[in-house]
Number of protein chains: 6
Amino acid sequence: MFYHDKRTQYKVRVEKPNPAFARMLQQAIGGIEGEMRVCMQYLFQAWNSRGPVKYRDMLLDTGTEEIAHIEMLATAVALNLEGAPLTVQEAAIQQDGVVGAVLGGMNPRAFLSGGLGALAVDAEGVPFSGAYVVSSGNILGDMYTNVAAESTGRVLATRLWELTDDPGMKDMLAFLIARDTMHQQQWLSVIEELGGHKALPIPNSFPQAKENQHFNYAFVSPNIDGTGTPEGRWTHGPSLDGKGEFKVLKAEPYGDEPKLGPPVPEGHAQKEQMTLTDSLIGNIKDTLG
Amino acid sequence: MFYHDKRTQYKVRVEKPNPAFARMLQQAIGGIEGEMRVCMQYLFQAWNSRGPVKYRDMLLDTGTEEIAHIEMLATAVALNLEGAPLTVQEAAIQQDGVVGAVLGGMNPRAFLSGGLGALAVDAEGVPFSGAYVVSSGNILGDMYTNVAAESTGRVLATRLWELTDDPGMKDMLAFLIARDTMHQQQWLSVIEELGGHKALPIPNSFPQAKENQHFNYAFVSPNIDGTGTPEGRWTHGPSLDGKGEFKVLKAEPYGDEPKLGPPVPEGHAQKEQMTLTDSLIGNIKDTLG
Amino acid sequence: MFYHDKRTQYKVRVEKPNPAFARMLQQAIGGIEGEMRVCMQYLFQAWNSRGPVKYRDMLLDTGTEEIAHIEMLATAVALNLEGAPLTVQEAAIQQDGVVGAVLGGMNPRAFLSGGLGALAVDAEGVPFSGAYVVSSGNILGDMYTNVAAESTGRVLATRLWELTDDPGMKDMLAFLIARDTMHQQQWLSVIEELGGHKALPIPNSFPQAKENQHFNYAFVSPNIDGTGTPEGRWTHGPSLDGKGEFKVLKAEPYGDEPKLGPPVPEGHAQKEQMTLTDSLIGNIKDTLG
Amino acid sequence: MFYHDKRTQYKVRVEKPNPAFARMLQQAIGGIEGEMRVCMQYLFQAWNSRGPVKYRDMLLDTGTEEIAHIEMLATAVALNLEGAPLTVQEAAIQQDGVVGAVLGGMNPRAFLSGGLGALAVDAEGVPFSGAYVVSSGNILGDMYTNVAAESTGRVLATRLWELTDDPGMKDMLAFLIARDTMHQQQWLSVIEELGGHKALPIPNSFPQAKENQHFNYAFVSPNIDGTGTPEGRWTHGPSLDGKGEFKVLKAEPYGDEPKLGPPVPEGHAQKEQMTLTDSLIGNIKDTLG
Amino acid sequence: MFYHDKRTQYKVRVEKPNPAFARMLQQAIGGIEGEMRVCMQYLFQAWNSRGPVKYRDMLLDTGTEEIAHIEMLATAVALNLEGAPLTVQEAAIQQDGVVGAVLGGMNPRAFLSGGLGALAVDAEGVPFSGAYVVSSGNILGDMYTNVAAESTGRVLATRLWELTDDPGMKDMLAFLIARDTMHQQQWLSVIEELGGHKALPIPNSFPQAKENQHFNYAFVSPNIDGTGTPEGRWTHGPSLDGKGEFKVLKAEPYGDEPKLGPPVPEGHAQKEQMTLTDSLIGNIKDTLG
Amino acid sequence: MFYHDKRTQYKVRVEKPNPAFARMLQQAIGGIEGEMRVCMQYLFQAWNSRGPVKYRDMLLDTGTEEIAHIEMLATAVALNLEGAPLTVQEAAIQQDGVVGAVLGGMNPRAFLSGGLGALAVDAEGVPFSGAYVVSSGNILGDMYTNVAAESTGRVLATRLWELTDDPGMKDMLAFLIARDTMHQQQWLSVIEELGGHKALPIPNSFPQAKENQHFNYAFVSPNIDGTGTPEGRWTHGPSLDGKGEFKVLKAEPYGDEPKLGPPVPEGHAQKEQMTLTDSLIGNIKDTLG
């Protein structure tokens, strides 16, 4: 279960409110790289956790920390919205070009639906989706998903850092960027503990002898312009997991042209799909002239 | 640009059609771990690729291969739907319990909207979403996202393999599982080429001195039940990137209680939110008795 | 900021796992009446709160409690999924009709995507949406939205209670139903404190003299079958807020037929939409014969 | 069944078209507080209505009126879009700053997809969702949901009223604001008729003795910063429904730490999740150094 | 504006309620081929209509009729849900196999969220989306979209007709199928009036001389397996609009390999994407061995 | 299966990058009229194709071509984003009004999530949805859906052509517009081959004698303002399919007022919905005064 403290995990100061920046911050709240996603993802992974309990506990710790990050960002959005221009009138825009520009850069629902507050949406106003929350039941599948989330999350936070010159916002983002650094380390540490590259492929509990042995360490190139694919770590030499040897295969079909049965009567395709009658043939011939 | 061959990349055979399995296969088409996602993800990453061109070419190769995987799965769905029971009548169900069970296990839109064909949806009928497609512009952020997709994707494929005993389907899945093995290797190989753990944190182009130095290698534990978090690779010792030393911090607030300004008049909050008038106080006192 | 205790707020026991019931419980996690919605709704309302601080504190308290409810339900889902049948084979279904029935009643992604765990989706597998989270900036607008959420939420919980006879699940639901009782009381208490019906209409800060005085206490009936609308509290007598007198108006148009301008050239409508040329008229005449 | 009159329910006049205001109006069409939602919500509640028929008739009346409100708003959007700048060229923007500002404030799909017409989306371009439509089968649950919709709906309408100084638009909005006033009254009147606070908790048909008696009138505070929650109507005294006495409980866990079973083999977790083998322990020890 | 009659447009009778059929009917309510879509589509097209007013009037007529079709279907769903089994208990299922089967075939939210009523969702429980509503501003673009909707809509209705043997439901569907027949005729009649094939291409107001003259009547085949594409009406002979001659082109690239600039510093790609430094080259060489 | 060539199908040149135009182009990538939709639609139709194989092959050809169109547009987006202003600071905006305007016109996620690259979203940032992909199993249903997609698609492309004066972009769009011309022709040619109007109604395999004979060629007018619907091709004369005679019917109800049963106890409606007790009547009387 959970408790709260009325204070925030880290200082949230805005010296000069900027509604266009409020919109940008929304991406870090409700976007696929945002804090609602990692918060729910770590908590669901903890709640569904089967296996060594220490990873469950760790996920609970960091999932709980992320609620505090949503709180900081929501507060930052509300503070950046203070003083936002509340007009769409041409007169106001002509008088002050910045009003128009800021207006264009604002998220209209921040005012219309939120009364100058944060919403559970991304920078485009697209609502957060529970589909972003991955909890696969395979701990390494989950850990790589978490590394991915923290990597794109830290990229986002550094871009936000570049967009603002407000000292309070830069300070808050420097904190969040630091946390993303650590969280990348955390999930990768679990991967190391559980074997690193030796734990591949994921899942390692599926007997690898059952997978197709011709294609499991082969780079397939369907390129046909004659210039090919330059070599890389993945084109030759031992595989990273030490279980195979990389090779390159030119793409080619191993299957046939698919043949589906005719439509069932109850599906009510066109009659012509069911039987190629003489009249259809005649009709097609007529049409072709 | 792109070309096609009418044959499939690998054999798609169904010996005993099973509409409930068709529904399961839809997860591998339109789900967040599915082939539409990786196909579009690798292609968008290629099209947006800035930097060394060889990674662009490799992404194009594998993105193109994934179109062929959607094709194989869609064909498998259509073949598994042949002979599906097309009734919801109790009489039929009472006569044959399997009819009812299969009916319950079917995706109704496979017949209603698809005429016994595949749709661009997952196993629950939720449409594929372009939001799943990540192309961040940071190559390692993208690569970890790709490893995550292929990890949860291979977990899904092995679960599908367990659910069926149709030899044709098992053979096709054994091929797809092998490809997921290789694709995990591929994206991890790029990470190795570009520095592996030494390339952390992602993005490595943000000057790390700008991030908060107190929190960037600290595990924060907001647990308060007194039993703490067991130690792990992430609680002490040098960090994976060799740039810090792990430590543990008990969670505590570094910020204050947030204070937002009063509502703006144009936002039409309740009057009582704007001024705590005497009458409100009286009213509240009355209500409290 | 937030803390956690590894124990749950209330006991979560499942005596006889039931995967079909796991699916039903998902509605209380990711549905529009579910706990993710109220959790996020109360927290966003708190974070955006402008006006008397005590309501902010109360929202934080209850928003934090709701995280613990998601946790209990996610745990209940995972426990109900233990022992679920993992096959779609006809043979198994023919052998045991219950297998087939349960299979039809299961959420396929619980296994395919979650490895027998909870997901951030509703009972149909539709992902939770941030669009459900309402935080309007008007405290009474928010409070009525909260009452609505707890009313449909308690209705859902009592339906779940009817669907199960597992003593552990009934006990857990009896706890959640009790909490919904209290939460209905809480939000209505705020409404009472702030004036009850006297605080209407919402928002009360908009000068009511500006609204159309002919229509603000009139029930409009667009019914034309001659049997009319039976009378009720809303058809005559003083209005609930004491500011008007109810009346009934037969629906009739006060506006004209709308007239839009012709299409702009850059919008590329069909030519015939832009000018009703002679040739069009001729063409139409020809077609009409 | 339904009929129409070509005239609108109320006058829709736009003296000075403003494409940025057209975008704002979209929130009142396709947003969660908008007219498509209340229209469909009242109609579905009517069509699903079980119990006293007069509420069904009333819902039909008002649901039908709301179609006319969508019509008015869609017309207003189309009229506001007339004369919108149709360029994204820098030259045009440099020549006339207002062009650029308006452009930034426009919804691009209004032109691209609608040819300067209204769409079934909100102010951010997010499509209307059927998930907003609540019809619970419990009449008070539905009525509170309707009050909530009309409350946030009227807040939205008053914000729109503030954003414009077009006399035609202000007049139309003054009409819609008046209708929201009445509709709040209507749904609250039904609640009064059916018992008001005495009808609580919702649903009142669930035997209240079955809910947990320790928690049903207790305010739970998970706050731990020592400053507590200020008292309110909900912390002591008789409950609003007269069936209990309010009290305050400090949050504490009544449950245990959850224990899930090990992963099933078919779910293909990592091997290390299934058995904590000696080699894993060795591996973890090595990694920890 | 709009009016209603309490009676339905056509009889809605259900002799033997069937909850699994209720789920199927939901596709005709909230699906992309369903009545909510065509209803809103015709009404938005009417409200946005620019050009000859008679098409506006006709769209209003048929859009209004479609509201009555949603009403009939919602009523049919509610009637089919009466008597649905309300348990997920194994005991009940073992006792009566049909209970289990029906349960599997039911939409769980029909009970959980709707109290045995219709919802604004499709047969999979996916909410209706405003994105389905097309109103392009080009009358022929709209008309073809309408023909498409009525074509897939009639296909759906005939499939529903096959799934049931309830005389009431078959009678209602026979009515709806007839209306779809007429509506296909209606929209095609508008196309005929406005020129039929001679009105192509859509939009016909774009000067066709501006489009690329080499590709506008050429069938492009990117097939490379040597078996080619069989000939059809579209491979040779005069084009349907009489403005060109069909031909076949083998697909080939007319463009170059795309070259994007390097990443901007503020975007924080990995350093290695910005400059291919010696150390990267060394690193890559090391990794490749 | 599929292959690729690193070159694009047609030249993609941008002389003067314009981030606001990049946003507009996104509609042609991820919008309902966009290339992701037609690409997936033609490919799923091909993969699900039952009946004459030549239409399958043709769909594969054009579906494959459309992948190349997504590629061209994604490349155009990335090129238009080069040099985009990366600030939301007022100072920068005051210095250069164009910066502000462009900023308002940009899609913020193009930078935040994409690092100045294309995303799988529309011009409003709404993600592409698999729900747009129609593959009905009825070939004419599919063909009319394809004509509709290419018609609204070409309308979109001509609007984009108007919005830009960049010669490279105009040239690329002139190519895409030409392809849309041909694709309209293609799908209409299939319709002609299969019978044109004589193949109506769709589906033609449903025995037309089963549909209601009173309503299948009748235009129904629910208009009540006395001005009626002007006559058109659809109001009298022989129907387009030659199988009926058009007529006009004034809308009137053929059904009764629906009567649903009382709520089931397990659904927990309010008590007052289940039995109209004396106390309720008394209560209502009291409330009405």
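**Close-up views of a predicted model**

**View 1. A:Ala28 sits in helix H1 of chain A, which spans residues 19-30.** Helices here are DSSP runs (H or I, at least four residues), numbered from the N terminus. This is a predicted model, in which local features need pLDDT of at least 70, side-chain atom pairs count only at pLDDT 80 or more, and totals for chains, interfaces and linings use all residues. Residues are numbered from 1 along each chain as its sequence is written, chains are lettered from A in the order in which they are written, and side-chain values use heavy atoms, with hydrogens and water left out.

View 2. Leaving aside neighbours within four places in sequence, A:Ala28 is in contact with A:Gly34, A:Glu35, A:Leu73, A:Leu156 and A:Leu160; contact means heavy atoms within 4.5 Å.

**View 3. Now look at where chain E touches chain B.** Chain E brings 51 residues to this contact and chain B brings 54. About 4,400 Å² is buried between the two chains, with 56% of that area given by carbon and sulfur atoms; buried area is the accessible area (1.4 Å probe) that two parts lose on being put together, summed over both. Elements giving two or more residues to chain E's side include helix H1 (19-30) and helix H7 (139-163) of chain E. That side of chain E divides into 24 nonpolar, 14 polar and 13 charged residues; Asp, Glu, Lys and Arg count as charged, Ala, Val, Leu, Ile, Met, Phe, Trp, Tyr, Cys and Pro as nonpolar, and the others, Gly among them, as polar.
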